[in-house]
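Please look over the sequence and the model before reading on.

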Amino acid sequence: MHCPFCRHADSRVVDSRTSDDGASIRRRRQCPQCNRRFTTVETASLSVVKRSGATEPFSRDKIVTGVRKACQGRPVSEDDLALLAQRVEETIRSTGSAELDAYEIGLTILGPLRELDEVAYLRFASVYQAFDSLDDFEAAITALRAEHEHEQDGTAGGTGEVAPDPV
């Protein structure tokens, strides 16, 4: 790590602490050349491969922005959206993969969003899974109803993902 003050090629770690959410490490460093101290923050890199093939860094904010549109007019708070994005990121990071397809991230969003608000879930799924007809909506609603019946009967529900039937 280069010193930001004198550009010396080395530094010594004086203190290390994890951040509140555990996603990064804050390190206090000291330059052996000029003895000045500075702070660095380390995070594990996570990249998203878009449909176009372009790669960009993962962003919780993009998840919140996309899900916020689906939640418009629904009783969902900003805190709920932040927690959903955190859950999604934790799930993605737990795979151990440094690169994920945008499609996989969308699939990861569906489960927690369904738990948060079913109407928002249907909105997101309709765009994300490219519903083409009322039949696609009907199939998704039927699956949600069946899951509610299973929950009322005391049996386990499905996987949390509803895929439209191929046409």
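## Terms and source

A residue is called buried when its relative accessible area is under 20%, exposed when the figure is over 50%, and partly exposed in between. The model is predicted.

## Helix 4

Under that cut-off, the buried residues of helix 4 are Ala120, Tyr121, Leu122, Phe124, Ala125 and Ser126. The cover over these buried residues includes helix 1, helix 3 and helix 5.

At its N-terminal end, helix 4 is capped by aspartate 117, which places a side-chain oxygen 3.1 Å from the backbone nitrogen of valine 119. Just after helix 4 comes alanine 130, with a positive phi of about 55 degrees.

In soluble globular proteins, nonpolar side chains tend to be buried together. In this model, the largest nonpolar core holds 27 residues, and those touching the most other members are Ile63, Val67, Ile105, Ile109 and Leu113. At least two residues of this core come from each of helix 1, helix 2 (78-94), helix 3, helix 4 and helix 5 (134-153).

Isoleucine 105 can be followed in detail. When residues up to four places away in sequence are not counted, isoleucine 105 touches Val48, Phe58, Ile63, Ile92 and Leu100.

## The largest pocket

The largest pocket contains about 740 Å³ of space. Its lining is made up of 24 residues, and Lys50, Ala102, Gly106, Phe124 and Tyr128 lie nearest its centre. Sorted by class, the lining has 13 nonpolar, seven charged and four polar residues.

Several elements supply at least two lining residues each: strand 4 (47-49), strand 5 (55-57), helix 1 (60-70), helix 3 (102-116) and helix 4 (118-128). Helix 1 gives the most, with six residues.

## Positive phi in two loops

Which loop holds asparagine 35? Asparagine 35 sits between strand 2 (24-30) and strand 3 (37-43). This residue has a positive phi of about 65 degrees although it is not a glycine.

Alanine 130 is likewise not a glycine, yet has a positive phi of about 55 degrees. Alanine 130 belongs to the loop between helix 4 and helix 5. With a relative accessible area of 44%, alanine 130 counts as partly exposed, because that class covers values between 20% and 50%.

Note on methods. Residues are numbered from 1 along each chain as its sequence is written. This is a predicted model: local features need pLDDT of at least 70, side-chain atom pairs count only at pLDDT 80 or more; totals for chains, interfaces and linings use all residues. Side-chain values use heavy atoms; hydrogens and water are left out. On a 1 Å grid over the protein atoms alone, a cavity is a set of points where a 1.4 Å probe fits but cannot get out, and a pocket is an open set with protein on both sides within 12 Å along at least five of seven lines; lining residues have an atom within 4 Å of a point. Grid points are joined across faces, edges and corners, and a volume is the space filled by probe spheres set on the points. Helices (H or I, at least four residues) and strands (E, at least two) are DSSP runs, numbered from the N terminus. Ala, Val, Leu, Ile, Met, Phe, Trp, Tyr, Cys and Pro count as nonpolar, Asp, Glu, Lys and Arg as charged, and the others, Gly among them, as polar. A nonpolar core is a set of buried Ala, Val, Leu, Ile, Met, Phe, Trp, Tyr and Cys residues joined through side-chain atoms within 4.5 Å. Buried means under 20% relative accessible area, exposed over 50%, partly exposed in between (1.4 Å probe, protein chains only). Contact means heavy atoms within 4.5 Å. A polar contact is a pair of N or O atoms within 3.5 Å; within protein, one must be able to donate a hydrogen and the other to accept it, and residues adjacent in sequence count only if both atoms are side-chain atoms.
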